[in-house]
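Dear colleague,

I am handing over the structure we spoke about, and my notes on it follow below. Please read them with the coordinates open beside you.

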Amino acid sequence: MKQADPVRDYSERHGVSDLISFGPFSLSINERLLTKDCRKIEIGGRSLDLLGVLTGQPGRVLSKRELIKRVWPDVVVEDGSLRFHMANLRKLLGDGEGGARYIATQVGVGYAFVAPVRKGEPATARLSVDRTVEHPRTVSKLPARLPRLIGREHDLRLLQDRMATAPMFTVVGPAGVGKTSLAVVLGHTLAEQFEDGVAFVDLGMLEDQAFVLSTVAGELGTPLHGDDPLATIVGHVRSRHLLLLLDNCEHVVDEVARLVERLMIEAPQVRILATSREALRVRGEHIHRLDALEYPNNPAELSFEQLLTYPAIQLFCDRAAAADSSFDLDEASARLIADMCHRLDGMALPIELAAVRVATHGASLTARQLGERLSFNWSGFRTAQPRQRTLQATLDWSFELLSDVERTVLERLAIFVGAFSIDAALAVVSDADLGADDVAGAIDAIATKSLVTVDRSHGTDSFRLLEMTRAYAKHRLLSGAADALGQIAKRHATFFLTELEAIAAQEVGLLDARHLNHQLGNIRAALDWSFGQSGDSRLGVRLAAASARVFMNTSHLIECRSWCARAITEIDDGLRGTEAELELQGALGISLMFARGNFAEAGSAFSRALEVATALDDHWSQLRILGLLHIFHKRIGEHAASAEYADMAMEVANRIDDDHALGIAHSLSGTSHHIRGNQKQALRDLKKALRLLPPSVRVSTVRYGIDHRTRAAIMLARALWLSGDPAEAVAVARQAVSGAAQLDHPVSYCLAQIWALSISIWMDEFDQAEEALVAFSECAQLNGLAPFMAAASGLRGVLDIHRGKATAGIARLEDSISLLNDSHLELQTMPLSIPLVRALLRDGRCVEAAELLDAVMTRCQVSGELVEMPEMLRLKAEIARRCKVGADDPVTLLDNALSMSRHQGAIAWEVRVTDDLAALVPEHN
């Protein structure tokens with residue numbers, strides 16, 4: 001029988017090239033040969049098969065089951081064989097050496113080959129930038145590519161050639177010159193050259209540069225939780241090879257400059273292209289000045305054919321023909337168009353506006369109107385630069401060609417920031433004097449004149465004003481009557497309040513509220529006006545409450561905290577004690593607890609929310625807030641209070657009499673019993689919680705601040721291990737981590753990982769702990785979760801000590817415990833203190849070890865955190881025996897530890913204590 005060849009069979013089925021190259025390596029499928037820089041590499045058969053299957057689908061996560069099936073098609077093997085060969089393959093490739101990345105692990109799922117693969121060509125000595133499975137290729141949000149980019153061929157070639165080596169280019173030019181069009185075409189042209197794709201960020205919708213980082217993070221798909229969004233963004237793209245396009249930077253130039261300079265220093269494989277009316281003036285910036293399109297200075301002296309060679313005239317004619325398919329260009333019209341291009345200084349946007357006008361009014365009339373308008377001495381209020389004055393004149397001209405109703409509508413549309421729907425426009429623009437039908441007709445009319453564009457970038461038909469058109473119209477709006485402006489702004493805020501309250505009333509509407517990301521600009525603008533000097537603070541309070549879930553669901557915890565805190569200071573007696581205050585206090589507590597730490601302000605917010613929910617007799621909200629109070633007090637080490645909240649939650653859940661409610665209550669109760677050392681009751685409660693709780697969904701996770709099903713599962717895994725069932729414990733822990741990863745909720749994922757890590761450390765499974773720690777650390781760092789980042793450093797210290805790096809490990813642990821204390825995350829200090837005591841003891845620092853252990857034991861006894869007390873008594877006995885520190889008798893300490901282990905139902909501790917007693921008693925005899 002012919003022996004199976006998994007690599008060749010797989011390559012034939014999937015059309016994989018015989019020769020596959022990555023970095024300095026080449027893999028020949030047919031010859032079953034791996035070479036490095038043209039030198040043969042000795043590699044085992046199974047490892048070669050594994051490499052062939054992985055490189056056949058680079059970037060895709062292949063499950064363990066799938067890999068085993070392909071590499072061992074006719075043999076039954078365990079996961080251990082896969083791990084063994086994977087470790088050998090990584091070692092052979094030098095994975096991790098000098099920053100090289102080849103194989104990434106998605107914990108609990110499988111493996112992916114993450115180095116760029118070239119098929120059908122030999123390897124070079126240069127290793128391209130790796131793409132990790134945790135950072136998939138960015139789905140480009142580029143606007144649609146223009147059918148033709150007229151007159152910019154030289155600019156496009158220059159930037160295309162230079163972007164490969166220059167870290168950052170700024171395309172500088174006046175408004176309307178065509179900077180955005182050039183950037184969009186360049187993005188489409190270079191997209192395939194960047195392994196991690198292209199991200200396009202339109203900053204024109206921002207009015208406050210404080211939101212630059214939030215906007216950039218949103219386009220990159222980077223959730224922001226911590227207090228340092230810039231560090232989060234840098235961490236997210238540090239190892240990625242992508243092209244970042246920042247459009248319309250001039251009004252937020254300071255914040256953009258800060259972001260760009262940091263990225264150039266810490267993310268060397270990111271290439272940046274910015275468009276702005278002025279240079280960013282940062283180190284490493286390359287400036288490309290985009291001039292006007294070339295137009296003839298002496299059209300009367302040129303032939304018809306010669307006129308058509310000028311890019312400005314080509315653009316004009318192209319846009320006019322697009323606006324009117326019957327547009328017919330003759331020599332007379334060409335000369336009029338050439339004259340208009342001259343008067344417009346070759347500026348792309350004014351040319352396009354004039355071209356649309358030619359399509360409807362003809363070249364002769366348009367040229368006459370344009371000439372009349374430009375006789376007003378080119379003066380403008382926006383800038384003194386001639387080309388910008390030309391743009392101002394063009395906008396004045398365009399505006400004056402509108403009817404009175406169209407002018408009013410255009411001015412009022414400037415209240416919107418970014419895209420807006422027709423429903424939004426009708427609700428905001430219409431009033432007693434301007435009916436909805438008139439508004440709809442006017443929007444249609446000005447859309448055909450290119451003053452309003454149709455925006456389909458978010459999957460629905462909506463509208464938006466071009467950035468320079470909105471700036472112009474907004475200036476006119478602000479110059480009008482203050483009362484009228486206030487009414488428009490109020491209707492704008494009221495519309496979005498109504499929309500958000502309707503969504504909040506339908507939980508299904510928040511299954512993925514990130515589709516509202518493109519409306520954050522409008523929500524922010526509405527909040528800004530509401531809390532402003534001439535705003536309506538009462539409306540602002542309701543709007544902040546209604547938008548809190550959107551900010552949390554889109555992972556803008558910092559903004560959520562800011563708006564909620566502002567609203568609470570403005571709340572009046574009419575809204576105090578209502579559902580609005582309940583929402584604000586709950587959201588404020590969540591954003592404070594997870595973004596900053598477990599400070600008193602978060603606890604106060606939760607307590608007030610509970611008061612309101614109780615007064616409203618809102619049982620479900622009571623249960624939600626009791627769960628958050630349980631988490632808060634558990635995290636700060638007040639376990640008696642946490643248990644009381646669990647008991648209160650059980651009473652409320654019984655009144656609700658619903659499986660979901662009872663599942664949450666049993667989850668809280670089981671967690672408290674586990675932490676306080678009653679593993680028997682913890683097992684009963686946690687198993688019941690998992691039977692009652694429905695499958696995890698993101699909307700509930702955001703609403704409750706955490707996924708209670710994940711929390712119950714990971715606590716059950718710990719209780720199972722302590723109760724003497726390590727196999728089941730590991731299986732439950734893996735399932736909990738996998739489920740949390742699918743939720744796309746960083747807080748729940750980090751909680752699952754950190755407790756799963758504790759089980760691995762208890763079991764001395766340090767290789768598995770290392771793998772999980774990498775995923776945990778990256779999640780905490782990417783999302784700016786400072787307390788978890790501190791814990792990750794401490795866990796790294798535990799692994800350092802295991803590998804014999806005692807000095808480094810002790811230092812990491814001490815620093816980590818200090819940082820956790822600063823964040824009031826007491827729950828994580830004890831699990832790190834025990835390894836630190838052991839390390840000090842191993843290092844011969846007996847007195848320090850004894851003093852630290854006594855302090856930890858005292859704190860745990862006071863707080864009620866007794867889950868590891870038997871293990872601490874066992875450790876205290878070891879110190880007494882080895883160091884003769886203190887007057888404690890080792891046997892007595894172990895007897896106490898044994899009694900406590902049996903009382904708790906902690907068989908794992910009981911076995912360890914029994915072994916120590918067996919070794920110690922003969923020694924005493």
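Two strands are taken to pair if DSSP finds at least two bridges between them. The model is a predicted one, and what follows should be read with that in mind.

With that criterion, strand β11 (residues 243-247) and strand β12 (residues 271-276) run parallel and are joined by four bridges, with L245 of the former standing opposite L273 in β12. Both strands belong to an open sheet of five strands, paired in parallel, whose order is β10-β11-β12-β9-β13. Its edges are formed by β10 (198-202) and β13 (285-289), each of which pairs on one side only, and the twist from one strand to the next averages 15°. Helix α5 (residues 153-162) lies across β9 (168-172), β12 and β13, and runs at about 170° to β13.

Elsewhere, strand β5 (residues 62-63) pairs with β7 in the antiparallel sense over two bridges, and S63 stands opposite G110 in β7. Strand β7 (residues 110-113) has G110 and A112 pointing one way and Y111 and F113 pointing the other, yet all of these residues are buried.

Finally, helix α2 (residues 45-56) has 12 residues and reaches 17 Å from its first C-alpha to its last, which is close to the 16 Å expected at 1.5 Å a residue. This helix is mostly covered, since 10 of its 12 residues are buried, among them D49 as well as L48, L50, L51 and L54.

With best regards

Terms used
Residues numbered from 1 in each chain as written. Predicted model: local features only at pLDDT ≥ 70, side-chain atom pairs only at ≥ 80, totals over all residues. Heavy atoms only, no water. Expected span 1.5 Å × (residues − 1). Buried < 20%, exposed > 50% of the residue type's maximum accessible area, 1.4 Å probe, protein only. Axes fitted to C-alpha atoms, helices over the stretch in contact; angles between N-to-C directions. Contact = heavy atoms within 4.5 Å.
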